[in-house]
Amino acid sequence: MAADLDVLNLFIIAGGTLAIPILAFVASVLLWPSALIKVYYWYWRRTLGLQVRYADCGGYRFCYAYRGKPGMRPSILMLHGFSAHKDTWLTVVKYLPKHLQIVCVDMPGHEGTTRTNTDDYSIQGQVRRIHQFVETIRLNRKPFHLVGTSMGGNVAGVYAACYPAEICSMTLICPDGQSTKFDNHLQDLKHSNYTLNIPLIPTTPEEMEDMFRLCSHVRFKIPQQILQGLVDVRQPHNTFYQEVFMEIVGEKSRYALQEHLHLITAPLHVIWGKQDQVVDVSGAAVIAEMLPQCRVDLLENCGHSVVMERPCRTAKLILEFIISQQDAKGGTKKFS
């Protein structure tokens with residue numbers, strides 16, 4: 001009988017021990033979903049071998065994640081889109097070789113990078129800041145491959161036009177900054193004076209879900225608590241996002257990429273989701289018409305969030321393009 005009680009006590013103790021982390025996890029999901037999201041990103045960075053670092057330059061601080069060291073192959077700099085952050089690229093980095101040097105930076109004013117009221121968040125202003133970052137970490141000691149998506153694609157294209165000697169090749173994923181069929185909608189938003197809700201700046205779980213439907217052709221089932229957590233993480237930054245949005249749809253930045261296309265000399269690769277509802281896929285034809293030597297990959301059943309919807313395919317296409325360019329220049333054959 002005493003032995004049975006000892007066993008029972010062990011089960012009770014074990015059950016209590018297990019209950020603590022389980023209850024803590026449930027509480028975090030229900031009460032602090034935003035904290036759970038941050039832990040999620042931390043876990044995946046750690047799993048993928050990415051380290052977070054800061055680069056300081058004249059009182060301005062850039063936050064970035066990196067993996068690998070410079071080698072015979074070109075390093076890859078990845079620029080995320082509007083209101084996103086460096087961890088946007090984790091899904092793609094997962095499928096890239098670990099021996100490549102990969103740098104994912106928080107764009108000016110976003111996440112861990114310095115935000116000031118006096119900074120220029122136009123496309124040209126962001127290009128100058130990214131160049132400052134590149135020089136600070138000495139990434140331009142030799143030409144690198146530049147990747148940008150959406151707003152980051154616009155910045156990447158203008159960067160390549162302004163600093164051609166630094167870029168060996170580049171990939172633009174659904175970049176804005178051109179004349180497309182979506183222009184009329186952006187123009188409406190620009191002149192709304194915020195009387196219309198900007199769909200890319202959600203303030204409720206329902207609006208967050210609507211944003212996912214707008215950006216993604218693939219339908220993801222996201223729990224309400226996680227949607228709330230995503231809203232909570234973004235809420236303190238919404239005023240800043242509104243300012244940046246009005247900058248990038250303004251006259252100074254609206255057609256920045258299209259106006260600089262003729263200055264791009266690096267081999268260019270374009271990836272676009274055919275069902276993109278944010279920046280129309282017709283933008284790929286605009287680029288191809290001006291730069292007929294560029295490679296264009298249009299993805300079926302894919303929207304604007306290419307890196308989230310087709311991460312494996314995106315990584316494979318980027319790698320294939322880098323390899324083809326290296327081979328064409330007589331570079332390293334064994335690359336993957």
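Reply: Happy to! Let's begin with a definition: axes are lines fitted to C-alpha atoms, for helices over the stretch in contact, and angles run from 0 to 180 degrees between N-to-C directions. This is a predicted model, where local features need pLDDT of at least 70 and side-chain atom pairs count only at pLDDT 80 or more, while totals for chains, interfaces and linings use all residues. Residues are numbered from 1 along each chain as its sequence is written, and side-chain values use heavy atoms, leaving out hydrogens and water.

Me: How many helices and strands does the protein chain have?

Reply: Helices (H or I, at least four residues) and strands (E, at least two) are DSSP runs, numbered from the N terminus. Counted this way, the protein chain has 13 helices and 8 strands.

Me: At what angle do helices H7 and H8 pack?

Reply: H7 covers residues 205-215 and H8 covers residues 224-234. Angles under 35 degrees count as roughly parallel, over 145 as roughly antiparallel, 65 to 115 as roughly perpendicular and the rest as oblique. H7 and H8 are therefore roughly perpendicular to each other. Their axes lie 8 Å apart, and the angle is about 95°.

Me: How do the residues of the contact of H7 with H8 divide by class?

Reply: Contact means heavy atoms within 4.5 Å. Among the residues making it are Met208 and Phe212 of H7, with Leu227 and Arg234 of H8. Ala, Val, Leu, Ile, Met, Phe, Trp, Tyr, Cys and Pro count as nonpolar, Asp, Glu, Lys and Arg as charged, and the others, Gly among them, as polar. The division is 7 nonpolar, 2 polar and 3 charged.

Me: Which helices do the buried residues of H7 pack against?

Reply: Buried means under 20% relative accessible area, exposed over 50%, and partly exposed in between (1.4 Å probe, protein chains only). In H7, the buried residues include Pro205, Met211 and Leu214. The buried residues of H7 pack against H8 and helix H12 (306-309).

Me: At roughly what angle do the axes of H2 and H8 cross?

Reply: Helix H2 spans residues 33-48, and its axis comes within 7 Å of that of H8. Pro33, Ser34, Leu36 and Ile37 are the H2 residues that meet H8. The crossing angle is roughly 85°.

Me: How many disulfides does a search of the whole structure find?

Reply: A disulfide is a covalent bond between the sulfur atoms of two cysteines. The search takes a pair of cysteine sulfur atoms within 2.5 Å as a disulfide. The number found is 0.
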